[in-house]
Amino acid sequence: MSSGPLAGTATGSPPRRSETGFDHDLYRRFPTSEPRPEGELEELERIWCAPRGWELLTVVNNNYVGFFYVATAFLFFLLAGILALGMRVQLAAPLLEFLPQDTYNQFFTMHGTVMMFLFAVPMVEALGVMLLPQMLAARDLPFPRLSAYAFWAYFVGGLCFFASIFVGLAPDGGWFMYPPLTSIAYSPEINTDFWLLGIGFIEISAIAGAIEIIVGVLRTRAPGMTLDRMPMFAWAMLVFAVMIVIAFPSVILCTLLLEIERAFNWPFFDPTRGGDPLLWQHLFWFFGHPEVYIIFLPAAGLMSMMVAAVARTPLVGYRLNVLALVATGFISFGVWAHHMFATGMPRVSTGYFSAASMAVSLPAGIQVFCWIATLASGRIRWTTPALFIVGSIVIFTMGGLTGVMVAMVPFDWQVHDTYFIVAHLHYVLLGGMVFPMFAAFYYWIGMTSARALSERLGKWVFGLMFAGLHITFLPMHLTGMMGMPRRVYTYLPGRGIETLNLVSTIGAMVLAAGVLLFLIDLARNFRFTADDSAGNVYGGGTLEWLPTGLYSARSIPVVKSRDPLWDDPAIGRDVAEGRYLLPNSATGLRETIITSPVNAEPQYLQLMPGPSPYPLGAAVFTAGFFLALTVQAYAFSATSGVLAVACVLRWLWETDRPIRQTHADIGAGITVPIAITGPSSHGWWALNVLMVVMGMIALMGVFAYLYLYGIHPEVWIAAPPLWQTGAITALLALALLAGWGARRLLARTPEGEYPGQGPWLTAAAGVAVLAGALYRDWSGWQAAGLDPAATGQGATVFMLLAFQSFCVGVAAVMALYLGYRSGRGLLTAPANVTMDVVGRFISYCTVQGLATTLVVRLLPGGG
């Protein structure tokens with residue numbers, strides 16, 4: 001294996017230095033004029049062949065996985081909508097008994113949970129999996145088996161979670177699950193546990209998809225597609241994925257904390273023992289409010305691309321839109337307590353969060369004005385996507401205005417937990433995400449269907465949905481202002497809200513009729529295909545409309561503008577004839593070009609894994625692990641966990657395959673390495689993102705520790721002696737040295753020679769030292785008299801130790817896997833991807849352990 005950024009260039013003038021040393025003059029050779037050898041296209045079709053029958057369960061192509069993903073997310077949208085109709089029927093008149101109180105509570109909890117966790121975020125992630133490889137002209141995303149695992153985990157976990165409503169075990173504490181209502185004292189049944197463990201499991205799928213998207217957008221773009229030429233949807237998905245990596249660890253942590261409190265009586269949220277129920281709100285809304293923008297930003301990226309197509313003119317303010325996306329993502333993390341104005345926060349805090357809540361509307365306004373300017377400067381074709389786009393702008397703007405209203409603290413106090421908030425939320429989410437989604441369905445259906453959807457029916461769909469939305473939710477503003485609280489299953493007559501509720505129910509039926517008509521249109525016209533699609537019906541200018549097969553584009557073009565199909569009408573023909581990069585399979589395997597993150601310069605050829613049953617197996621057993629925990633079947637849960645890990649390791653076995661060929665010609669004499677290691681490799685980037693996820697979980701745990709100290713300092717005890725802290729620090733430093741040393745031992749072995757067992761044994765020794773430091777830390781706190789079930793301090797300290805134990809356990813499994821590969825002679829020198837990943841993860845575990853140890857031992861209560 002080679003570790004250089006670019007091995008060899010074509011003959012000619014010396015390369016001009018750039019991000020990677022690539023000579024941009026080589027791009028002038030494309031499109032080439034020489035005819036391609038016969039059989040290349042047939043070879044690509046053989047390597048990227050379509051699955052048949054049961055092979056669909058093993059497929060990893062983004063064409064199929066993305067379609068499955070979108071279809072499943074839309075199924076959950078329909079199921080959540082049915083629950084909403086049931087609620088609206090119950091509220092159509094006072095004192096109706098259509099739904100009993102307990103069932104109504106389950107309906108509104110499941111409606112909110114399914115819409116937020118099983119529809120909105122998965123849908124935009126699914127659209128990213130389906131569209132991004134074609135938009136970037138990549139063969140596929142860099143970790144196709146990870147995409148398949150993310151989908152199957154979501155599919156299996158989501159259906160099992162939703163099925164709980166049919167057996168009376170659905171959660172009933174609201175989609176936000178506030179304690180103490182959801183504590184064991186007030187919710188003793190396992191309904192709450194289904195939510196806590198089910199949502200935690202489903203978020204793993206979202207994070208896996210985010211890792212795939214970050215690396216895919218930054219490292220698999222077509223050569224020449226600089227950051228300034230990326231499609232707006234790619235920018236939006238990049239910001240979306242970064243926000244998931246930062247925000248979702250918080251909800252994973254808080255669900256685990258509440259489940260631990262329910263299972264083991266550790267008092268994270270019990271104020272009588274040094275906990276605080278508001279800790280849940282801080283952790284949950286640190287995820288919950290950014291999630292609104294996590295949902296909106298990809299839809300905004302879709303809007304930006306469709307606006308340009310329907311107006312037949314480039315997007316006005318491209319760079320302003322990019323800055324607005326980044327600014328929205330940044331500011332949204334300072335707005336979480338916007339949901340907590342009624343909890344009695346200090347005035348300084350409410351003032352800050354009020355200002356931040358209003359500030360976050362500014363970048364959204366920039367995007368709206370850019371869309372309006374684009375529509376005004378072009379010639380609009382009033383197609384179905386255009387109608388949904390304009391409708392989205394109107395609805396989202398109305399929702400944004402009420403958002404600024406509730407950002408004002410005195411007004412929020414008056415309408416908090418009323419139907420005014422329900423109206424605001426639905427105007428934002430339906431206008432900011434659902435209407436753009438339907439526009440995208442009509443606009444991009446030509447990529448996956450042999451026939452386009454009906455324009456005539458589409459306009460009826462838009463009309464019914466647009467009218468139904470306003471009839472449903474506009475009266476709710478008044479209902480809320482008149483004092484109707486949300487989450488109530490009935491109300492008394494004579495309050496002046498009967499007519500408003502009836503109108504809202506009628507509007508919900510109209511909205512549902514629009515969705516039903518869309519389903520009829522799908523049934524009449526949608527015919528899934530991977531290579532013989534209806535095509536570019538609405539005249540888009542970006543690369544997803546190139547002629548494609550399961551291998552994506554026949555050859556990977558050199559990108560010279562933001563709208564290459566508009567600027568070079570012949571590019572589609574040249575790509576299909578193989579006149580650009582990688583027109584064949586250079587190794588006889590699935591491949592794609594990895595490019596540099598900024599200028600998209602070719603760096604190396606990535607070998608991609610093919611179909612495999614193991615992502616499905618891993619997802620099923622992961623679901624079994626979490627579901628068995630819910631019903632306290634611990635033996636079955638442990639067995640499922642072991643089998644899930646075995647499936648993951650088996651699917652990874654083929655991804656670090658040794659190959660004799662070290663370089664490949666990707667076209668016009670440009671030669672690049674195959675499968676490199678080090679900071680330029682896509683695996684390095686993926687591990688960095690994973691470490692950010694784990695670091696965020698640890699950081700949120702430290703926040704919980706410091707927050708509870710600030711609330712209940714009286715229950716804090718002194719930390720163990722300082723000499724223990726010094727000993728633990730020394731052990732962690734030794735483990736860090738072992739992680740680094742294992743990689744150095746391999747690097748010092750001459751290429752082609754077997755390095756022996758030294759590298760992996762050094763890594764294993766590092767894990768053993770980590771375990772020793774962890775035991776010393778755990779036993780030190782026990783000797784100091786700290787009990788995890790007695791105080792908030794004990795709960796948070798031992799929670800951090802438990803998380804460190806999990807990380808060390810993962811490192812131990814990785815070290816054993818490395819040892820097995822070494823024993824099979826697969827630990828190749830001087831660089832190896834598996835060794836790289838294991839050594840760096842061990843180093844990460846030591847840094848995380850050192851940080852958390854020093855915080856809890858030296859900061860408040862330390863001594």
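In the predicted model, helix H3 meets helix H13 through Tyr104, His111, Met116, Phe119, Ala120, Met123, Val124, Leu131 and Met135 on the H3 side, and through Tyr419, His426, Leu429, Met433, Val434, Met437, Phe441 and Trp444 on the H13 side. Sorted by class, the residues of this contact comprise 15 nonpolar and 2 polar members, with no charged residues. The two helices, spanning residues 101–136 for H3 and residues 419–444 for H13, have axes that come within 12 Å and cross at roughly 35°, and the crossing is left-handed.

A second pairing involves helix H7 (residues 277–311) and helix H10 (residues 361–377), which pack with their axes 9 Å apart and at an angle of about 15°. Because angles under 35 degrees count as roughly parallel, H7 is described as roughly parallel to H10. The crossing of H7 with H10 is left-handed, and the contact is formed by Phe296, Leu297, Ala300, Met303, Ser304, Val307, Ala308, Val310 and Ala311 of H7 together with Ala364, Gln367, Trp371, Thr374 and Leu375 of H10. These contact residues divide into 11 nonpolar and 3 polar, and no charged residue is included. Arg312 is placed in the loop between H7 and helix H8 (318–332), and this residue has a positive phi of about 55° although it is not a glycine.

Helix H23 (residues 792–823) and helix H24 (residues 833–858) have axes that come within 10 Å and cross at roughly 165°, an angle that makes H23 roughly antiparallel to H24. The crossing of H23 and H24 is left-handed. From H23, the contact draws on Val797, Leu800, Phe803, Gln804, Cys807, Val810, Ala811, Met814, Ala815, Tyr817, Leu818 and Arg821, and from H24 on Thr834, Met835, Val837, Val838, Phe841, Ile842, Cys845, Gln848, Gly849, Thr852 and Val856. By class, the residues of the contact of H23 with H24 are 17 nonpolar, 5 polar and 1 charged.

Helix H14 (residues 455–481) was examined for its length and its ends. H14 contains 27 residues and reaches 39 Å from its first C-alpha to its last, which is close to the 39 Å expected at 1.5 Å a residue. At the start of H14, a side-chain oxygen of Ser454 comes to within 3.3 Å of the backbone nitrogen of Arg456, while the helix is followed by Gly483, whose phi is positive, near 105°.

Cis peptide bonds are considered next. The bond from Phe30 to Pro31 is cis, with omega near 0°, and Pro31 is found in the segment before helix H1 (40–47). The bond from Pro179 to Pro180 is likewise cis, with omega near 5°, and Pro180 is placed in the loop between helix H4 (144–163) and helix H5 (191–219).

The segment containing Phe30 and Pro31 is also contacted by Arg579, a residue that lies in the loop between helix H17 (571–576) and strand S3 (591–595). Although Arg579 and Phe30 are 549 residues apart in sequence, their C-alpha atoms are 6.8 Å apart in space. When residues up to four places away in sequence are not counted, Arg579 touches Phe30, Pro31, Thr32, Ser33 and Glu34, together with Ser555 and Asp574.

Technical notes: Residues numbered from 1 in each chain as written. Predicted model: local features only at pLDDT ≥ 70, side-chain atom pairs only at ≥ 80, totals over all residues. Heavy atoms only, no water. Axes fitted to C-alpha atoms, helices over the stretch in contact; angles between N-to-C directions. Helix = DSSP H or I, 4+ residues; strand = E, 2+ residues; numbered from the N terminus. Parallel < 35°, antiparallel > 145°, perpendicular 65-115°, else oblique. Left-handed = near helix turned anticlockwise from the far one by under 90°. Contact = heavy atoms within 4.5 Å. Nonpolar A, V, L, I, M, F, W, Y, C, P; charged D, E, K, R; others polar. Expected span 1.5 Å × (residues − 1). Polar contact = N/O pair within 3.5 Å; in protein donor to acceptor, adjacent residues only side chain to side chain.
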